[in-house]
Amino acid sequence: MRIGEHVSGSSSAAPRETSVPQGSGKQSVPRRVRDTVLAYVALTKPRVIELLLVATIPVMLQADRGEVDLPLIAFTLIGGWLGAGSANTLNMVADADIDQKMKRTARRPIARHAVSTRAALIFGIVLGIASFIVLWTAANLLSSLLVLATIAFYVGVYTMILKRRTWQNVVWGGAAGCMPTLVGWAAVTGSLSWEPIVLFLVIFFWTPPHTWALAMRYKEDYKAAGVPMLPVIATEERVTRQMLFYTWATVVTSLVLIPATSWIYLAISVLGGGWFLSRVHKLYSETRAGAEVAPLKVFLQSNEYLAILFCGLAIDAVVNMKTIADFF
């Protein structure tokens with residue numbers, strides 16, 4: 001929160017006393033504590049962690065169809081949240097310089113000096129250790145190792161290598177955001193199989209159109225920061241054509257899971273996929289026609305599509321009707 005100061009001008013007469021409202025010159029202790037806590041929470045990127053919830057719970061339910069192990073789900077979410085918070089915090093540490101150059105990120109805690117780089121680094125490491133301990137204790141070693149691998153990949157590969165060097169940064173770097181599918185499945189079964197890999201690929205293919213839609217809106221920010229996002233270095237037609245390709249890949253991949261589910265997921269994946277594709281096709285057509293486009297609509301609809309798809313999977317798993325494969 002910004003605190004404005006009003007300074008009166010000087011005059012030749014003797015200075016007059018002015019009444020200053022109590023507390024206007026500095027923050028009270030409770031307020032400073034609150035602002036500090038909020039700054040540390042902001043380091044974890046709470047809104048980004050929503051993807052963790054969307055992906056992890058349905059996968060865990062699918063891994064144990066017909067059963068709902070609430071304590072395991074709760075502890076897995078806590079461990080996953082700590083791991084995601086660690087990765088996001090360390091990402092902000094590494095990106096502090098470019099965050100200050102972008103209007104969209106200039107108010108992040110490190111960029112506005114609400115938290116020091118050193119304090120954020122320690123906080124991120126502590127969150128990562130806590131995540132490992134929670135998942136190993138409540139679930140198993142495989143799930144905890146997968147979270148550590150996610151943190152290492154997101155920070156070491158995406159943030160420090162790919163992000164500033166190639167337009168495919170979000171294509172390959174987006175793999176970090178897909179890991180909750182593997183973590184959730186591993187937490188329940190202690191192993192991996194083809195189903196979480198399919199869901200991993202759904203999010204993997206979904207990430208580029210989702211991110212590029214946002215980058216089209218903020219491409220001047222990325223250009224100023226020297227980040228070669230595809231909308232910065234390519235024409236809008238090329239960007240939307242790539243978005244269309246990855247959207248088709250997302251929808252087609254989501255259909256691969258149908259044999260392991262019932263008609264509920266079948267209907268939602270087909271109808272939801274068609275709805276998402278129609279929006280991206282519309283953006284591509286408008287771009288080719290030279291019309292004014294609204295990429296943020298695709299960004300928002302991509303969020304809604306993923307939420308609908310995974311919630312449909314969760315419902316399907318809890319209801320536990322006969323799967324499509326059971327009919328053959």
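Glutamate 286 and lysine 282 meet through their side chains in a salt bridge, 2.5 Å from N to O. A salt bridge here is a side-chain nitrogen of Lys or Arg within 4 Å of a carboxyl oxygen of Asp or Glu. The two residues are four apart in helix H13, so about one helical turn separates them. Helices are DSSP runs (H or I, at least four residues), numbered from the N terminus.

This is a predicted model: local features need pLDDT of at least 70, side-chain atom pairs count only at pLDDT 80 or more, and totals for chains, interfaces and linings use all residues. Residues are numbered from 1 along each chain as its sequence is written, and side-chain values use heavy atoms, with hydrogens and water left out.

**Salt bridges**

The whole structure holds ten salt bridges. Three of them are tabulated here.

| Pair | Closest N to O distance |
|---|---|
| Arginine 34 and aspartate 35 | 3.0 Å |
| Arginine 65 and aspartate 316 | 2.9 Å |

Glutamate 286 is partly exposed at 23%. Lysine 282 is partly exposed at 42%. Salt bridges with shared partners also join Asp95, Asp97, Lys163 and Arg164 into one network.

Arginine 34 is partly exposed, with 42% relative accessibility. Arginine 65 and aspartate 316, in contrast, are both buried. Their salt bridge has its closest N and O atoms 2.9 Å apart. Arginine 65 sits in the loop between H2 and helix H3 (70–94), and aspartate 316 sits in helix H14, so the pair ties together parts 251 residues apart in sequence.

**Valine 54**

Valine 54 belongs to helix H2 (residues 50–63). Its relative accessible area is 24%, so valine 54 counts as partly exposed. Its contacts (heavy atoms within 4.5 Å) include Leu306, Ala307 and Phe310, leaving aside residues up to four places away in sequence.

**A nonpolar surface patch**

Leu255, Trp263, Leu266, Val270, Leu271, Ile315, Val319 and Met321 form a nonpolar patch on the surface. Together they have about 720 Å² of accessible area, by the Shrake-Rupley method with a 1.4 Å probe, where only the protein chains shown count as cover for residues. Patch residues have over 30% relative accessible area and no salt bridge; like charges are joined within 9 Å, and nonpolar side chains (Val, Leu, Ile, Met, Phe, Trp, Tyr) within 5 Å. Helix H13 (263–288) and helix H14 (295–319) each give two or more residues to the patch. H13 supplies the largest share, four residues. Valine 319 is found in helix H14 and is partly exposed, with a relative accessible area of 45%.

**Helix H5**

Helix H5 (residues 117–138) has 22 residues. At 1.5 Å a residue it should span 32 Å, and its end C-alpha atoms are 31 Å apart, which agrees. The expected span is 1.5 Å times one less than the number of residues.

Which residues of H5 are buried? They are Ala120, Gly124, Leu127, Gly128, Ser131, Phe132 and Leu135. Down the axis of H5, these buried residues fall within an arc of 135°, so they line one face of the helix. The arc is taken from the directions from the helix axis to the C-beta atoms. Cover for the buried residues of H5 includes helix H1 (29–43), H3, helix H6 (141–162) and helix H8 (175–189). On the other side of H5, Arg118 and Thr137 are exposed.

How values were computed:
Buried < 20%, exposed > 50% of the residue type's maximum accessible area, 1.4 Å probe, protein only.
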